[in-house]
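Hi,

Here is the structure I promised to pass on.

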Amino acid sequence: MRALVSASDAVAVARAHADRINDLSRRLGCTPDEATEVVEASAIELLDDVLYRPHLVHDLVGRWFADARRLAERNRSARVLGTVDPDDATAKALHDARHESDVDAALDKLPERGRAALLLRDSYDLPLATVAAGLSLDEATASAVE
């Protein structure tokens with residue numbers, strides 16, 4: 001079976017969105033190591049789908065975000081958000097920044113899907129079709145998620 005997406009398109013997506021996937025994973029509660037694992041594993045899953053199941057990939061970016069969200073939920077630590085391991089300097093810095101920022105505080109109050117929708121739509125400025133694919137919803141429902 002032939003891929004419907006070129007290798008150069010897949011590489012361009014990876015370069016453009018790897019940091020966003022990492023950021024989303026961290027905001028969904030992953031530790032730095034877990035977020036890195038989510039980026040790597042979801043990128044490999046995406047490329048595997050592009051190569052072997054191209055009919056399943058209607059939107060490269062949206063598919064990547066959907067896979068990353070699923071992996072982040074599965075791989076994040078059991079630690080409660082807001083609880084900081086004193087030996088994890090990155091988590092402490094993010095924790096401190098979170099408490100200094102009204103935006104981060106508001107994000108923390110949203111359910112996971114609402115937080116992801118806000119990040120995809122507003123922070124990452126992705127088109128609605130990509131947001132819908134990233135949330136595994138249709139466009140009408142994705143535009144209404146709060």
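The protein exposes about 8,200 Å², and carbon and sulfur atoms supply 54% of that area (Shrake-Rupley method, 1.4 Å probe; for residues, only the protein chains shown count as cover). Of its 146 residues, 38% count as buried, meaning under 20% relative accessible area with a 1.4 Å probe, protein chains only.

Please keep in mind that this is a predicted model, where local features need pLDDT of at least 70, side-chain atom pairs count only at pLDDT 80 or more, and totals for chains, interfaces and linings use all residues. Residues are numbered from 1 along each chain as its sequence is written, and side-chain values use heavy atoms, with hydrogens and water left out.

The secondary structure comes to 8 helices and 0 strands (DSSP runs numbered from the N terminus: H or I of at least four residues for helices, E of at least two for strands).

Helix 1 covers residues 7-27 and reaches 29 Å between its end C-alpha atoms, close to the expected 30 Å (1.5 Å times one less than the number of residues). This helix bends by about 50° at His17, the angle between axes fitted to the seven residues ending there and the seven starting there. His17 is also among its buried residues, along with Val13 and Ile21. Gly29, with a positive phi near 110°, follows helix 1.

In helix 6, the buried residues include Leu119 and Leu120; just after this helix, Asp125 has a positive phi of about 55°.

Best wishes

Definitions and conventions: Buried < 20%, exposed > 50% of the residue type's maximum accessible area, 1.4 Å probe, protein only.
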